[in-house]
Amino acid sequence: MGARVLECHITLNKTWKGSDHQASLEPNELAELVRSIRMVEKAMGLSVKQLLPCEVACNERTAILGKSIVAKIWIPEGTMLTLDMLTVKVGEPKGYPPEDIFDLVGKKVKVTIDDTIENHAEKVKC
């Protein structure tokens, strides 16, 4: 899923003599491989994920569809955040968006965060 180069062997006829021809791709198979790769690339979308215009109304109207970054554990004021302290949950309260989770890593929290999975009464504040 992160490959930048793909090696494949091609031949004009799989029945030709030689050890590689039988395991190689013929031109029509190579064309199909390229089409399939392009389809997967398109299906994966952009690396930056964001709401589509048609999704905004649902996300704003109901918090059930929205997700927020929350603390997995109690984090005292002044602690430097690490990824293993954070997770994402669905629903209220709306806090930091999931796509910003890596921006929070390495930041010092200004207030004690006690918003855990079991207790989501407060917004996550950093």
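Predicted model: local features only at pLDDT ≥ 70, side-chain atom pairs only at ≥ 80, totals over all residues.
Local features need pLDDT of at least 70 and side-chain atom pairs count only at pLDDT 80 or more, whereas totals for chains, interfaces and linings use all residues. Residues are numbered from 1 along each chain as its sequence is written, and side-chain values use heavy atoms, with hydrogens and water left out.

View A. T11 counts as buried because its relative accessibility is 5% (buried is under 20% relative accessible area, exposed over 50%, partly exposed in between; 1.4 Å probe, protein chains only). The side chains of T11 and H21 form a polar contact of 2.5 Å (a pair of N or O atoms within 3.5 Å; within protein, one must be able to donate a hydrogen and the other to accept it, and residues adjacent in sequence count only if both atoms are side-chain atoms). Residues up to four places away in sequence aside, T11 touches W16, H21, S24, L25, E26 and P27 (heavy atoms within 4.5 Å).

**View B. L33 in helix α1.** Helices (H or I, at least four residues) are DSSP runs, numbered from the N terminus. L33 has a relative accessible area of 28% and is therefore partly exposed. Beyond its neighbours within four places in sequence, L33 is in contact with L6, C8 and L25. L33 and C8 are 25 residues apart along the chain, and their C-alpha atoms are separated by 9.8 Å.

**View C. M44 in helix α1, residues 27-44.** M44 is partly exposed because its relative accessible area is 38%.

How values were computed
Helix = DSSP H or I, 4+ residues; strand = E, 2+ residues; numbered from the N terminus.
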